[in-house]
Structure formats: structure tokens, C-alpha cells
Amino acid sequence: MEFTAVYHKTSEQMSYALDEDRLVVNLKTGYDVKQVFIIHGDPFDAGILGGSEKWSGTREEIVFKKRLPYQIWWTTTLMPPYKRCKYYFELHTDREVWYYFEDGFLTKEQMDMPGRLLQYFIVPWMNPADVNRTPAWVNDTVWYQIFPDRFCSGDPQREKGDVRPWQTGPVTNRERYGGDLEGIRQKLPYLAELGITGIYLNPIMEAETNHKYDTTDYTKIDPAFGDDAVMERLVAEAHEKGIRVMVDAVFNHCGRKFAPWLDVQEKGRASRYADWFMVQDWSDLRKHENTRDGRFYSFAFADWMPKLNTNNEEVIRYFCDVCEGWIRKYDIDGIRFDVGNEVSHRFLKKIREHLKAVKPDIYLLGEIWHDASQWLMGDEYDSVMNYPLMSGIHDYFLDSSMDKQEFEYMVNRCYTMYMQQNNNVLFNLLDSHDTERLMNRFHDLDIFYQQLAVLFTLPGSPCIYYGTEIAMEGGFDPDCRRCMPWDEIGAGKYTERMSQMKELIRLRRTEEACRSLHFHFPDQYGNRRCVEYIKLDDENRKIQVLLNCSDEEVHTAPGGEVLFARNFSDGVLKPKGTLIRRVC
């Protein structure tokens, strides 16, 4: 047996409580393992210390598995009647049987050796207080991300500084176009008609730049966007239409005009805020130059965005109060933490405990672009932005040498990194204010909709970036932040594209299987670039997703109700075609 491929721990994402009753157990093996059994039971079934009785347990086969590039991920769910569990694994290859314990592998003879002290895997107690709980409403949400300055100008009389006329086409990060909260409020009927049930707003608090990631005042709506009254009205009316609202929190760093940073620059070490920041050299804090010299830490090397010390108790209390104020004042439903992998774990644990006490179902989302396991243990974020999935989808369509198995491996990797409750509320996206726009990557509507079909049928909570409904183009930041072309939309230029988006959103919202965590890849088509997966709901109802990513036609099996299709007719899925249908 390939022993080095086998891995399990009673921690991390390998063994955890799904709720008060269910225990999820996962195991990795090599492809040489063909069958796996788990032998499990209460640790005290044979007495407190075992005594003369031998602990035996119940033997069950583990049947659910996902394929990864070099390993198989086996998973099962147990229901320990007394909230405790003791277990080991029985692994079968074509020629061998091995027994896997916490300290390694044993043969049958070794395991049965009289007097042997076996090192079982142990889950000592499934404490309800330790269960990783995520907001149930998030899985039902279709998000729409808005970059406020470029979405809609609803109050042209508001003093907004040097504002340029609304335009289409390329932009930079220097100009302002006057989008505001009132504009977003006026477009709520548009978003509701599209099918949107959640809005994610890029920063709206007072800051110098148009992107607002250099906060000046965390307690004040930026005057260019509006004020408290407008924000309160926006959230209230969104809620009336069944739309949740999530705001951006920039707590890793602040702007150069944040009052505590100004005080530090003026008073140096004597400032009462000296420990709010990470200063290494106090001799020249006013120097305007990147921070590669190490005089203080900042976001990247931007000297105008000094890094906050989120280990500091005063800083933690300050931002707990800031977030509580946002919840109580505006009634927001979620908070997205910018640069969410650089704030301290201590900070996140305390802010989560504080905010969940204020609003138990608040959604706490971290911006993390890589494996975020250490932030998703149930005491920090509820979820993260699923950039690994975005990257994997993009790379598959970019690289024609990849076959459908590699697509399967990529998806399975993304959904075996975290606990099921986190997977259920992952923030899935294909583009954002930090990336090239989806349409820009291939300039091909058929590939564009193939990727969106994946977004709306995989587990988690899908998000589209404003303008994606019309396949808006735009390069990397800042060009991905173009103005929304409302005149062209009003003239009907994008009716067909918007109709396609509405179909996908409706499908996501009405088909439970689209939202379900359950999927598998049956591999019934010979074409190496024909991706197929099946989604199942709790009643075992199925939908099939087929993507023809090859240059050849694919003749599909007959039957099934077509739910969404492009380049499909008479049972033939043409190149770049998409088919989503209900199957028996």
C-alpha cells in the first residue's frame, strides 16, 4: 500500500462536528486503496479503562469519495449517541488489508496481538459551543458587488468635489464620477428584477481616494457618497425587497489622514496612539516614499496606507465599537474584511465574539486569496472569497491541454479544504474590483456563460460584479472599475445578455440542487474536454451540468428537462456549448 498518501487527523478539516449530532470524518488515501471501512463507537463501550473487555466498535463502509490529483478523499458522517467517538480505519487495496490508527498502520495480526495498547483516533466530546456555525441565509443569496463611485449617481446636487461627466470606456484611479448611495438606492428595483438578493459594497466610509481603501474616518459615510440618513434608507429599502447588504471593513490599514496616525506623525513615540501602528523607525514618519526602508509597516509598500496593529487591545476595542455602530445604525447583514489574512487571529476571534452577540446571523467574510483553513475553524470568519475557485475555472478555460479530470480535481480541491458549513457559504466569484473583468479574459460570450454556469451551480454563495449582467469589459485595476452604462442599458442594447443572466439567477434561486453541497463527476462522455457533473439535493433530485470545452460536437444522452442551454439543439452540444438540465 502507498502509505505516504494516507492522512487523517482528529483536527483541522479532517474530523469535526457539523452540528450537535453529526460528526464528519474525512480521510485521504492513494489511488491504490479501493475500499475503506471505519470502525467506530463510544470510547467507553468497553468500560472506563477497557478492563478485560476488548473494545470493538461498529464497522461501516465509507462510500462517498472525491478524486484529487494524487489522492482520494473519503468522507462519511457519523452520529455518536453520546457525543464522543473512538475509531480507526480498515484500508483495502487489490492485494492487502491494513488498519490505520493514530500512530500508524497495523496488520490484522498486530492489531489482534494480546495486550497491545492500540492508539485509536479519539473525538473526546462534541461540545455545542465549539461547533462551527455559519449564517443559514447566505447559501440562498445571490450577491452583486458595487464599486460606489462608478455604479450610479443619484444625487447630482450633492457636493462631490472634482467630478467628471459619466462616461463609458476605460478609467483610472485618479478621477471621480459621482456614483453614490442614493444612486444605489434608486437602482434597487433594477437589482430586484435581476434576481439579486445581496449587495456587497466596496468601502463607503470617509477616505481620500475614489476607492476608499484609505479610511480617514471609520464612523462617517464619505460625503461624496451621502450620509447616515441615505445609508439607513438604502438598507431599509433593500430589506423590504429581500436584499441583504454587506459593507467593506478596512482594518488592516488606514489612510494617512486617520486622526490617530496624524497624532503619531505629530508626537512620535509620545503619542497615545503610538502602539496603534507598527513603527520601526521614528526619525522620519512624514517622509513621502514607499516603505521598503522599513520605517513602518503599511499595506504593501504604500506609505499612505499605514498598517494598524491589530494585536493592540485598544485597536481591537475601537473596531469592535465601529462594527457594532454599523450594525445598530444601518442594520447591515455582513462585513467583508479587506486584506483579511493580515489582521491578527486575536483580533478576529474577539471581533467575532463581539459582533455575533450583537447580531447572531451577521456574515463575516474574509478577503483571502489562498487556502484559508486557519481562519475558518469557527471562531473567526464564516467564509472567505473563493479566489482559488475563480483561478481554477479561469485556468481550465485558458489551458486547452487540461482534460476534464483536471477540472474535477480543481473543484474537489476547493471543496475539501474547509468544513462543510464553510463550503455552504463560500463567497464564489469570477471577477471583482481587484481582477480583470470576466468578459475581458476571453472576449467570448460562449465561454463567458460557460463559466457563469459553473458559478451558479456549485456550492456556496455566488457573486457577480456590477456590469457582469451585460458582459461589461475592463482590464485589471483600475480599468475593471468602469462606469455602469445606464444609457445603453436603458436603450435596450444589452437585453439579451441580461435575459441570460436572469435565467441563471432564477435557476440558482429556484433549484435546490444548484445550492446543494452534493455533487459528483460521473465521466460518461469520452470527450476529454467535456466537463460533466451532477448536483443532487436532499431529496436526491438531480441536475446535470455539461460544458463542451472542446472543438468537437458532443452527442448527449437523451432525456431530461432543459433548464439553461447555449449552443445546444437536437441532443447535440456544440463547441463552447452549455447545458443544464434536470435528470432522473
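A residue counts as buried here when its relative accessible area is under 20%, and as exposed when that area is over 50%, with partly exposed in between. Keep that in mind as we walk through this predicted model, starting with its aromatic residues.

Y396 has a relative accessibility of 1%, so it counts as buried. F397, at 9%, is buried as well, because the cut-off is under 20%.

Zoom out, and the whole structure turns out to hold 47 aromatic pairs. There is also an aromatic cluster to pick out on screen, made up of Y218, F251, F258, Y273, W276, Y318, F319, W326, F337, F347 and Y381.

From there, hop over to helix α5, which covers residues 259-267. Its buried residues include P260 and W261, along with D263, V264 and Q265. Just past the helix comes G268, with a positive phi of about 65 degrees.

Next up are two helices that pack against each other: α12 (residues 445-455) and α14 (residues 495-510). Their axes are 10 Å apart and meet at an angle of about 20 degrees. Angles under 35 degrees count as roughly parallel, so that is how α12 and α14 run relative to each other. The crossing itself is right-handed. On the α12 side, the contact is made by L445, Y449, L452, A453 and L455; α14 brings R497, Q500, M501, L504 and R508. Sort these contact residues by type and you get 7 nonpolar, 1 polar and 2 charged.

Last stop: D155, in the loop between β11 and α2 (181-186). Setting aside neighbours within four places in sequence, D155 touches K160, D180 and E182. As for V235, which is 80 residues from D155 along the chain, the C-alpha atoms of these two residues are separated by 17 Å.

Note on methods: Residues numbered from 1 in each chain as written. Predicted model: local features only at pLDDT ≥ 70, side-chain atom pairs only at ≥ 80, totals over all residues. Heavy atoms only, no water. Axes fitted to C-alpha atoms, helices over the stretch in contact; angles between N-to-C directions. Helix = DSSP H or I, 4+ residues; strand = E, 2+ residues; numbered from the N terminus. Parallel < 35°, antiparallel > 145°, perpendicular 65-115°, else oblique. Left-handed = near helix turned anticlockwise from the far one by under 90°. Contact = heavy atoms within 4.5 Å. Nonpolar A, V, L, I, M, F, W, Y, C, P; charged D, E, K, R; others polar. Phe/Tyr/Trp six-rings, centres within 6.5 Å; stacked < 30°, edge-to-face > 60°. Buried < 20%, exposed > 50% of the residue type's maximum accessible area, 1.4 Å probe, protein only.
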